[in-house]
Amino acid sequence: MERVRGVAWDDLAVLLAVLEEGSLNRAARILGTGQSTASRRLARLEERLGSPLFDRTPEGLRPTALALELAPHAELVGGHMSDIDRLVEGRERSPSGRVRLAVVEGLAANFVVPALPRLRAAHPAIELDLLSGQPVLDLVRREADLALRFAPPTSPDLVVRKLLSIPVAPYVHPSLADTPSEALPWVMLWDPEERFVESQWLRDRAQPRHVTRVTSWHDLFAAVRVGVGAGLVSPLVAEEVGLVPVPAFADEVVVSHPLLLVYHRALRHVPRVKAVRDWILDTALTSLPAPAGTRRGSGDGPAPPLER
């Protein structure tokens, strides 16, 4: 017991970050500290425990059996520290400080950024970190405060609100609109296993002879926009830049993706988080024109109603 009595959470955080990232340098970066500081904390933890946590090899740090056994217990400590953090933040009296909003790729520039001036005008003391184009961040571990995403979370600690059902349909540059469907080139996301509904639709319905594959939504949209080929995009972004429906599939909606607002239940009354949440609901999204096939959420579907 004496060995662990003086263990600091900052030291355990380095352990978890190194296990997650595989290197001390990357671990320090996600923790927002220098590599030398992270190294000292890891050495301090190993000294306190009286045993190495990583073997230093030419290939990098290799976790020992103790590190792997310790990890789930360190994660529990991290969860409790986040709970304490949220409890303290709940005593905040007015909306001020930093809020981290995670946004799926392609959503920030078209939906969120145009509404930022309204947030700044209403809450000048809030500093917003817009995290887009990254892997899904863990809201339970406080990697972000709120998220706009399509995939529903699994944690019961997270509140979910369905905002929009966003359709995806075949669009093309006007210069290609008269191209016969059998000769029309297409642009699609890289999906060799055809896991996406969009990939399956292209295979079964469009049956393209020439396909350009890209690895990001931004590249797909840019390619369709300049006339590389037709692509499956949302009317929300297609129509405002002059893209037109592919004539052969003009009435088809391939799939509708539910856009979800997600945040931790314990943060719902923190003033700055509540302010950003309400801005997303009342300004950023509800002011968007809804093209045909786009439905605004009102608590329908499996998502629970928003808690105010």
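Just after helix H4, Gly 50 takes a positive phi of about 75 degrees. That value, like everything else here, comes from a predicted model.

Stepping back into the helix itself, H4 covers residues 35-49. As for what is tucked away, the buried residues of H4 are Ala 38, Leu 42, Leu 45, Glu 46 and Leu 49. Looking down the axis of H4, these buried residues fall within an arc of 100 degrees, so they line one face of the helix. Over on the other side of H4, Arg 40 and Glu 47 are exposed.

H4 also has a packing partner in H3: the two helices pack with their axes 8 Å apart, at an angle of about 105 degrees. Since an angle of 65 to 115 degrees counts as roughly perpendicular, that is how H3 and H4 sit relative to each other. On the H3 side, Leu 24, Asn 25 and Ala 28 make the contact, and they meet Gln 35, Ala 38, Ser 39 and Leu 42 of H4.

H3 (residues 24-31) also meets helix H2 (residues 9-21), and here the axes come within 8 Å and cross at roughly 120 degrees. As for handedness, H2 passes H3 in a right-handed crossing. Ala 13, Val 14, Ala 17, Val 18 and Glu 21 of H2 make this contact, together with Leu 24, Arg 26, Ala 27, Ile 30 and Leu 31 of H3.

How values were computed:
Residues are numbered from 1 along each chain as its sequence is written. This is a predicted model: local features need pLDDT of at least 70, side-chain atom pairs count only at pLDDT 80 or more; totals for chains, interfaces and linings use all residues. Side-chain values use heavy atoms; hydrogens and water are left out. Helices (H or I, at least four residues) and strands (E, at least two) are DSSP runs, numbered from the N terminus. The expected span of a helix is 1.5 Å times one less than its number of residues. Buried means under 20% relative accessible area, exposed over 50%, partly exposed in between (1.4 Å probe, protein chains only). The arc is that of the directions from the helix axis to the C-beta atoms. Axes are lines fitted to C-alpha atoms, for helices over the stretch in contact, and angles run from 0 to 180 degrees between N-to-C directions. A crossing is left-handed if the near helix is turned anticlockwise from the far one by less than a right angle, and right-handed if clockwise. Contact means heavy atoms within 4.5 Å. Angles under 35 degrees count as roughly parallel, over 145 as roughly antiparallel, 65 to 115 as roughly perpendicular and the rest as oblique.
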